[in-house]
Amino acid sequence: MVHGFVLRAFNRGQNGCLVFKRLYSWTEQSFPKITTHYTVYPRDKDPRWEGVDMERAVDEVDVVIVGGGPAGMSAAIRLKQLAALHEKEMRICVVEKAAEIGGHTLSGACLELGPLNELIPDWKERGAPLHTPVTEDKFALLTENYRIPLPILPGMPMHNHGNMIVRLGHFVQWLGSQAEELGVEIYPGIAASEILYHEDGSVKGVATNDVGIAKDGSPKDTFARGMELHAKCTIFAEGCHGHLAKMLYKKFNLRTECEPQTYAIGLKELWEIDPAKHRPGRIEHTVGWPLERTTYGGSFLYHVTDENKTPLIAMGLVIGLDYRNPFISPYKEFQRWKLHPSVKPLLEGAKRIGYGARALNEGGLQSIPKLTFPGGCLVGCSPGFMNVPKIKGTHNAMKSAMLAAESIFDTINSDIKQETVGVNPVVYEERIRNSCVWKELQSVRNVRPSFSSALGLYGGLMYTGLFYVLGRGKEPWTFTHHGADHRKLKPAAQCQPVDYPKPDGKITFDLLTSVALTGTNHEGDQPPHLTLMDDTVPVKQNLAVFDGPEGRFCPAGVYEYVPTEDGQSKKFQINAQNCIHCKTCDIKDPSQNINWVAPEGGGGPAYNGM
């Protein structure tokens, strides 16, 4: 029997208090086999796969788009519009891993209308599900017991007049219907799992994932090979931290001239409230409590209506994933925020009808990678066009996708000889840099990193007031984000555990009760799509040094440390069926041992207008 020990002693925490570092031990039972996915254990070395037919059907299209969110649908629509305008035949295909279009979409969401007005000027006549114009903005600094109002003036990031509060999943469904009317082929429930390459190294297209693989990695009787989709150009619109985009970054060195991306996690709930308390069109944002001064984040609370005039509020908390204390639980911080005296009365007697979470790109201008490569390009939230102080990215995602579509169309139909078989729409880089998207991100580039100073929240607020509000980002310097989020966690011995209130089942809820509202479902008998490069690292490194932060930063109860059968130690457990595809684990894991890959198509949350 192999034993290992990590001796832990008394140390002083950040506030000077003594913190006890627990004594951990492990045995062979601490390291059960967890990862069985073929991306870690190749099938050509597995005798169980000998003789299995691995041929894939192939289909040829002009452009394949990976991801059916706002960016993917905008790209598809614009391509078809251009093809019709120039009387060209173009076959456009969108693959989306959610079982239904919009099923994995989650955002606040407050939509700026510029790109939509450009893409579909008659959206009102076409029945777009935009029912709630913004009528009122509120901004405040919270302390534990008080709310201090802060002014919002025209031109400030939180000034939202002219925008619409939307249920983004419903909006994406509508965009899908508009795309289909134009002849776009849309395939929901199909996950792109692999990038295909021509012999010259350019992108050839994508392969959809195989189905019928057992949890132990062996083929079932129902095994079916995925399909290859070949295209002249492939648009990657996967959303934040796309698993295929990660491969492209390495293959084409797309991040050599930018900073590492930095992220946040956004947690959201949808409530049906007392009509007497409902103020359609009101938007409220807060900073401060419950987050400590050095943890970036803030809340949103939107009064929204739908076509049935249901009195709804969409509320949530966004927390920067560069936080340092491994004992922080973003989910529990969100639940605690709802208990604030200025928030709780709104929820009394109300009914919670939705929950979800998603990672957000927050690196801004400093973290945008090279966008084009032989055979394809990146659009939307995948490369990261969110305006962080506004907490808005949908308008920029749509506009970037429209520019990419125009660039691809022009390149495919030009007489310029391509150096590779896969079309490289290089003009997209120039067009995005000359667009309103780049100008907007340029103006706010220093706001997010200004919160990382020693003054934290207060330094960021002062900097925003002095340089953004007055100067619109014209200062001649650009701040850095100081490295990747996964490097920011401090060892548990240097931090103080956080005491969170117990859920009351009325305003605040336990995690699994919340996950039940997401409608999440995965085929149980498949290899866990949360893969580990080394199954022993969670216990040896993350548990020993950081006290197992996976169970706290995951907003869906996917990761647990549970006692071994002999009760002598702990083992790591992955409840992959709970995964809501937020990508937080892939981002925040301090060992960078977790790699999120696509599960069987159709798996994941089934959000209803989140």
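I started at D547, which takes a positive phi of about 60° just after α13. Helices here are DSSP runs of H or I with at least four residues, strands are runs of E with at least two, and both are numbered from the N terminus. This is a predicted model: local features need pLDDT of at least 70, side-chain atom pairs count only at pLDDT 80 or more, and totals for chains, interfaces and linings use all residues. Residues are numbered from 1 along each chain as its sequence is written, and side-chain values use heavy atoms, with hydrogens and water left out.

**Helix α13.** I looked up the cover of α13, residues 537-546. Seven of its 10 residues are buried (under 20% relative accessible area; exposed is over 50%, partly exposed in between; 1.4 Å probe, protein chains only). Among them are V537, L543 and F546.

Most residues other than glycine have a negative phi, and most peptide bonds are trans. I then checked the exceptions. H241 has a positive phi near 60°. It sits in the loop between β17 (228-236) and α4 (243-252). H241 counts as buried because its relative accessible area is 13%. N253 also has a positive phi, about 50°, and is not a glycine. I found N253 in the loop between α4 and β18.

Next came the cis bonds. The peptide bond from G108 to A109 is cis, with omega near 0°. A109 lies in the loop between β6 (92-96) and β7 (110-111). The bond from W289 to P290 is cis too, with omega near 10°. P290 belongs to the loop between β19 and β20.

**The sheet.** I traced an open sheet of seven strands with mixed pairing, in the order β10-β9-β19-β20-β21-β18-β22. Its edge strands, β10 (147-150) and β22 (351-361), each pair on one side only. Pairing needs at least two DSSP bridges between two strands. The twist averages 20° from one strand to the next. β9 (residues 136-142) pairs with β10 in the antiparallel sense over four bridges. F139 stands opposite L150 in β10.

I also checked what covers the sheet. Helix α5 (residues 330-337) lies across β9, β18 (263-272), β19 (282-288), β20 (297-304), β21 (312-320) and β22. Contact means heavy atoms within 4.5 Å. α5 runs at about 135° to β21. Axes are lines fitted to C-alpha atoms, for helices over the stretch in contact, with angles from 0 to 180 degrees between N-to-C directions.

**Helix α11.** Last, I looked up Y458, found in α11 (residues 457-471). Y458 counts as partly exposed because its relative accessibility is 42%.
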